[in-house]
Amino acid sequence: MTNLKQKSINGMFWTISERMSVQVVQFVVQIILARLLEPAQFGLIGMLMVFTAVAQSIMDSGFGSALIQKKDADQTDASSIFFFNLLLGIILAIILTLLAPLIAQFYNQPILTPLTRALSITLILNAFSLVQTSLLAKRLDFKTQMKTSLLAVFISGVVGIVMAFRGFGVWSLVAQMVSKSLFQATFLWLFNDWRPSAIISFSSLKSMFAFGSKLLFSGLIDTIFRNIYQTFIGKVYSPADLGFYSKAKSIETAAVQSTSSSLGQVLFPSMVHLQNDLDSLKKAYRKTIRLSLFLHFPLMIGLWTVAEPLFRLLLTDKWAPSIPYFQILCIVGMLYPLHVLNLNILKVKGRSDLFLRLEIVKRALVVLTIFTTYRWGIIAILYGQIATSLIGYFLNSYYSGRLINYSQCNQIKDLIPSFGSAVIMGFIMYLVGLLPVDSHLLKILFQTLAGVLVYFLVSLKTSSSELKEFMEILRNVIRTLHLGILRMTKRGKS
């Protein structure tokens, strides 16, 4: 096994472990908070997400990806980005503080003024994390990222829950978000030994901005339109309606990020090493996309099937209006790994210009579908998301396929086996869900066990190469963990 492949497998393991462990902790925290707080309070935070997310995207400026992509990046490059981002974070926090009254006026919610100003602190705190995280990703050191993320999410979750128990309401959510940024930055500096030098090179920033600027504008467009649904729903409908949507979206996002974002995070830095070897890049990319969908399709279809008992068990009946939103979002989320992985090819090949143009076209479609569907309610808006996601996939895969000679037809052929197996699994889970079982917990358990068994048997029967690849990765991970435990045991004895 090549060193790069081993690093990629280890990176995939630690990144997926990070995402899953972080998402599990965050999910538990959100469940407790959802039981303690009202949907309208989550809706108030949802109204602000587009503003804080846009500011965060500007602060990144594409330099994080540029630092990873640049093969000969040095201390001067990293230090220049660090000081530039810190200054930019302070400026953006001041701007957001000044705009707070206008944001509150836009939504006609006076409480948003102090909430916005409090959340602006996260921009300064996050400025301390960007370079640290990028350098860890460049070294494929996802284990350290896992430790920092997990600790930050756990401690900030405790902060939010304690405040919610003490009756702080929406401020519990604000405290959780601010403390997460604080602890994330703190632990990154404790666990990573990189420190900035007292230097800032404008020529270094300029050279990396040539690549990063396209990603900056692409990221801005993506961020704005990824949050435009929350902004639009918050403006047109009530805070409670936005709360129901936000909760459905947050759970769907947690599921998506546990697989697709993890693989994308590993894919970009590891594929950079193959950017000049077209055959190897295509082979590695094809294997990655097939494996990611082998895991992702059954996850999203399974969640769609168990949505009702899951929400009623964990969130109580007061969150029942979120169920149909969540089910539609699961359909949208099925395509998310394809977007991530296809766009990563554009970044690996240095085509940030094409990346930007595609984002502009796709987001124009989002605006069109929103203004076409909103008069029929939130459900119609979500069906519009399915349409734009499908169109976006065909655009992304067409151009990325041309760059590595991997056509859309071939890509779809590679995905059909996993999709077909997942559909069969989902049908069986649906039938199991029709059984007269009163307990939501038992129904979820029966459906999940049936789904896992059926998916495994169908994959085995069809001689799925992805199942074999997954089992190989699992064996390598277990072997790595076993060796690590043996080394720790020897150290303990000595």
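User: Does cysteine 330 count as buried or exposed, and at what relative accessibility?

Analyst: Buried means a relative accessible area under 20%, exposed means over 50%, and partly exposed lies in between, with a 1.4 Å probe and protein chains only. Cysteine 330 has a relative accessibility of 1%, so it counts as buried. Cysteine 409, at 56%, therefore counts as exposed. This is a predicted model, in which local features need pLDDT of at least 70 and side-chain atom pairs count only at pLDDT 80 or more, while totals for chains, interfaces and linings use all residues. Residues are numbered from 1 along each chain as its sequence is written, and side-chain values use heavy atoms, with hydrogens and water left out.

User: How many disulfides does the rule give?

Analyst: A disulfide is a pair of cysteine sulfur atoms within 2.5 Å. The count by this rule is 0 disulfides.

User: What does the secondary structure of the chain come to?

Analyst: Helices are DSSP runs of H or I with at least four residues, strands are runs of E with at least two, and both are numbered from the N terminus. In this chain the tally is 21 helices and 0 strands. The chain has 494 residues, of which 54% count as buried.

User: What share of the contacts in the chain with a separation of 6 or more comes from residues 24 or more positions apart?

Analyst: Contact means heavy atoms within 4.5 Å. Among contacts with a separation of 6 or more, residues 24 or more positions apart supply 83%.

User: At what angle do the axes of H14 and helix H15 cross?

Analyst: Axes are lines fitted to C-alpha atoms, for helices over the stretch in contact, and the angle between N-to-C directions runs from 0 to 180 degrees. H14 (residues 307-314) and H15 (residues 322-333) have axes that come within 10 Å and cross at roughly 135°. Angles under 35 degrees count as roughly parallel, over 145 as roughly antiparallel, 65 to 115 as roughly perpendicular, and the rest as oblique. H14 and H15 are therefore oblique to each other. As for handedness, a crossing is left-handed if the near helix is turned anticlockwise from the far one by less than a right angle, and right-handed if clockwise. H14 passes H15 in a right-handed crossing.

User: Which residues of H14 meet which residues of H15?

Analyst: From H14, Ala307, Glu308, Phe311 and Arg312 meet Ser322, Ile323, Phe326 and Gln327 of H15. By class, this contact has 4 nonpolar, 2 polar and 2 charged residues. Here Ala, Val, Leu, Ile, Met, Phe, Trp, Tyr, Cys and Pro count as nonpolar, Asp, Glu, Lys and Arg as charged, and the others, Gly among them, as polar. Within H14, Ala307, Pro309, Leu310 and Phe311 are buried.

User: Where is the place of threonine 316?

Analyst: Threonine 316 sits in the loop between H14 and H15. Although threonine 316 is not a glycine, its phi is positive, at about 75°. With 24% relative accessibility, it counts as partly exposed.

User: At what angle do helix H4 and helix H5 pack?

Analyst: H4 (residues 75-107) and H5 (residues 112-119) pack at about 145°, and their axes are 8 Å apart. Their crossing is right-handed. Leu96, Thr97, Ala100, Pro101, Ile103, Ala104 and Tyr107 of H4 meet Leu112, Thr113, Thr116 and Arg117 of H5. The classes in this contact are 7 nonpolar, 3 polar and 1 charged residues.

User: Which residues does alanine 104 touch, not counting residues up to four places away in sequence?

Analyst: Alanine 104, which lies in H4, touches Gln109, Pro110, Leu112 and Thr113 on that count. At 5% relative accessibility, alanine 104 counts as buried. From alanine 104 to leucine 115 there are 11 residues in sequence and 9.4 Å in space, C-alpha to C-alpha.

User: In which loop does asparagine 108 lie?

Analyst: Asparagine 108 belongs to the loop between H4 and H5. Its phi is near 60°, a positive value in a residue other than glycine. At 64% relative accessibility, asparagine 108 counts as exposed.

User: With which residues is threonine 52 in contact, leaving aside its neighbours within four places in sequence?

Analyst: Threonine 52, in helix H2 (residues 39-60), is in contact with Leu96, Leu119 and Leu123. Its relative accessible area is 13%, so threonine 52 is buried.

User: Why is helix H7 largely enclosed by the rest of the structure?

Analyst: H7 (residues 130-138) is largely enclosed because 7 of its 9 residues are buried. They are Leu130, Val131, Gln132, Ser134, Leu135, Leu136 and Ala137.
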